[in-house]
Structure formats: structure tokens, C-alpha cells
Amino acid sequence: MSVDALAARVAGGERVSAAEALELYRSAPTMLLGRLADGVRRRKHPAGIVTYIIDRNVNYTNVCVARCKFCAFYRPVGSSEGYTLGFDEIFAKIDETIRLGGVQLLLQGGHNPDVPLQWYEDLFREVKRRYPTFRLHALSPPEVIHISRLSQLTVPEVIDRLIAAGLDSIPGGGAEILVDRVRKELNCYGKATADEWLDVMRHAHRAGLRTTATMMYGTVETVEERIEHLMRLRALQDETGGFTAFITWSYQPQHTELGGAEATGIEYLRMLALSRIVLDNFDNLQASWVTQGGKVGQMSLAFGANDMGSVMIEENVVRAAGAEYCMDEFEVVRNVENAGLVAKRRNMHYDLLGDPIFRERDVPRTLALATARADGRGGEADDLLGYVARSALGKKRRAGDLDAPSQ
Ligand code: SF4
């Protein structure tokens, strides 16, 4: 089918096949892709509202046994730069987030063998006791699988226990590209195969949780494999309807084992637009300004995005790989309104919470992103000593046979 005929079908609201998506990506001019994606956004969001959430991205530990080749964030067990936050450090971050008008923590971390299920349950229960309306958007599918392996419980059992403790929703991290050939090359097949990642989301949706979905492109995959990823997400969304949003970003290569170069801004905008066209059953697409910068982030609003994601207060993962863009709420809203759209705050379920908070009350501006620990020190918090460790080092340390790394 010609690109013009395909464009007419997309403009008429028809679904595209994998082969048609490939043809559009390969042959459609960038501005045509943008126009088609913008048309889909307008149909789904006719009032021109662009949403964002004020939340904090807390990475509770950087100790990880998975060793993905594209990751610059993790530290191996025993590293002096490895850290695990204490509960009090996390509560202090929540207090600060609430002061800035935030409503949620996005809590993700490495696959740390010394952090058992009980630690998450105790943390979630205490968060809910102290901050009853505060939301926990936590633990991507590979983390859920890691906890299930550590605890020798099934994934549905782990999800049920985490929900009972206070889990509100699951972030879609760790998807990378949902094709096992790619996952094996990136050394992330062991942490979760494509089927396993999708199965965690299926169980979460069945248990009543809403989740997001992501795609990190630009490593070793082909365009066909990116499209296969989108098709697999679309099929699960047809089945469960549990995804609230899709977020794509380009691989950030600095300080990673894999190395290489970052995809360009045009490639990002083309992938975003194609995602909007293919994922016809996803209501919300986020602009990844944290990896692409504010200006490309703003352009995303003309290429299918209807959401600016998180007004981040803290970021640790893509910063480790070289991306360090920062926009506070004032900047996010300025970019949305300058694009002729209407900015509204939302929660993870995309319920509108209101106008920008800085128009309602005085909030401090955050002109730099915080880090997990401002002083950069490693070390695990003392309250982890009360939990069972699984690594040989962790067992020794908790038995008192080894000094803890300094905090
Ligand atoms: S991407 Fe996640 S799972 Fe992979 S090495 Fe980094 S922290 Fe570990």
C-alpha cells in the first residue's frame, strides 16, 4: 500500500498492521508522521489538555545482580558506591515531595539480593500509615520477578502481598525491547524475558492495578523489533485494558558497558509518532523530556504526546548515563502553554487534579534535580540489618562479621 493510502487510513482511525507500521516508519516524511500522530492525539484529547504529575523518582538501591549492558546506574554487591536507602531517608523525600505539591513516589531500584519482600511490605505499610493519600507507583516487572525469585513465591502472590501492603500501581520500566533476541544481547533476558515482563503486567492488571508501559530503543534492535515490541503491548492492552500510558526514550550510552551513540531528536520524534499511530488503544503518551531535553520534549506535543510525564524532583538512572535535563513545574507549564495547549496536573490514573500548583500557592522552584544521596556516599541503612540477606557479603555483614560500608 502507498504511504498516501496508509496515511488516509490512519487519518480515518483505522488500525495499522506491523508491515504497514514498518512502511510508514521507513517511507513517510517526518512531518507527515507528526501530522498523523497529532491527529490521533486530537481525537483522543479534543480539549487540548496536556497533563503532568508532580512526583519523585526515588531509586531505593543501586545494588544490582542483573548487570544489563546498557545500564550505568547499578553497582555490584559489595561495591563501596552501592547504597540502600533507609526508611527515614525515604520519608524525608516524601515530606519534601508533598511540600512541592507532589502526590506520589515512583520507587524503583536495582535487583538487590539483600532486600527481601518483607522490607518492601514494611516500607509500604509505614508510608500508608504516615501519608494515607500518598500514592506508591513502585517496582517495575523485573523487580517483581526478582522479589518472587528471592522469596520463592509466585508473581501473583508477590503482587497480592504488595497490594495488601499499599502498592497502588506498577511502572513499566525494564521493558527495553520486548524481543528475546535483543534481551539476550543486552544481558537483560535473565532478569525478565519478553513473556515474563508481559505476564507480570497481565497479573497486575487482573489484580486491579493500572500500570504504564515503556520502550527503550537505540541499542542493538532493528526497526522491525521495535514494531514487534509495540505490537505485543497493543495485544496485551486489547486483552486487559490495564495500561494508562506509554513512554518511549532513546538509550543513553555514557558510562555503559555497551557504549555507542545516542539516537537523534528526529529519530525520537519519528518513534514517538509511530508509537501513537500503532498504539491506538493507549490513551496517553508521555514526552520524555528528561532524556531528550525541554525543546524536543515540547516538540513531542506536536508528534503525538499529550503528557509531560513527571515534574521530577529527583533522578538517578538516566543521569548516570549522561542525561541531566531538569524542568520544574513552572518550566513544564511554560513549554505546554507556549505550544498553545492547556496544562493540568494529574495523578497516575490520569484523573485531573487541577491547574498548576504554583498558581494556587507559593512553591519553591527546583532548578536542579536531587540525587538519591546528595553527598554521593554509598552504604546501606541500619534498618536493613533487621532483614534476612541473601548474598554471602550481606549475610556476613548482618551477622556482625563484617563492617557495613560507611553511610
Ligand atoms: S537496568 Fe535495572 S536491572 Fe538492569 S543493571 Fe540497571 S538497575 Fe539492574
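Reader: Which residues line the second largest pocket?

Author: On a 1 Å grid over the protein atoms alone, a pocket is an open set of points with protein on both sides within 12 Å along at least five of seven lines, and a lining residue has an atom within 4 Å of a point. In this predicted model, the second largest pocket is lined by Lys-44, His-45, Pro-46, Ala-47, Gly-48, Ile-49, Thr-51, Asn-284, Asn-306, Tyr-350 and Leu-352. The model is a prediction in which local features need pLDDT of at least 70 and side-chain atom pairs count only at pLDDT 80 or more, while totals for chains, interfaces and linings use all residues. Residues are numbered from 1 along each chain as its sequence is written, and side-chain values use heavy atoms, with hydrogens and water left out.

Reader: What volume does the second largest pocket have, and how does its lining divide by class?

Author: A volume is the space filled by probe spheres set on grid points, which are joined across faces, edges and corners. For the second largest pocket this gives about 160 Å³. Ala, Val, Leu, Ile, Met, Phe, Trp, Tyr, Cys and Pro count as nonpolar, Asp, Glu, Lys and Arg as charged, and the others, Gly among them, as polar. The lining has five nonpolar residues, five polar and one charged.

Reader: Where is Tyr-350 found, and is Tyr-350 buried or exposed?

Author: Strands (E, at least two residues) and helices (H or I, at least four) are DSSP runs numbered from the N terminus. Tyr-350 sits in the loop between β10 (342-346) and β11 (352-354). Buried means under 20% relative accessible area, exposed over 50%, and partly exposed in between (1.4 Å probe, protein chains only). With a relative accessibility of 14%, Tyr-350 is buried. Tyr-350 has a positive phi of about 65°, although it is not a glycine.

Reader: What is the phi of Leu-139?

Author: Leu-139, not a glycine, has a positive phi of about 70°. The loop between β4 (135-138) and α6 (141-151) holds Leu-139, and Leu-139 is buried at 0% relative accessible area.

Reader: Which residues of the largest pocket are closest to its centre?

Author: The largest pocket holds about 300 Å³ of space. Its lining counts 15 residues, and Asn-62, Glu-81, Tyr-83, Asn-316 and Gly-376 are the closest to the centre. By class, the lining has five nonpolar, five polar and five charged residues.

Reader: How many cavities are there?

Author: A cavity is a set of grid points where a 1.4 Å probe fits but cannot get out. There are two cavities of 30 Å³ or more.

Reader: Which residues of helix α1 are buried?

Author: An α-helix has 3.6 residues a turn, so residues three or four places apart point the same way. In α1 (residues 3-11), the buried ones are Val-3, Leu-6, Ala-7, Arg-9 and Val-10. They lie on the same side of α1 because they cover an arc of only 160° around the axis, taken from the directions from the helix axis to the C-beta atoms. Asp-4, Ala-8 and Ala-11 are exposed on the other side.

Reader: What covers the buried residues of α1?

Author: Contact means heavy atoms within 4.5 Å. The cover includes α2 (18-27), α3 (30-44) and α11 (265-278). Just after α1, Gly-13 has a positive phi of about 85°.
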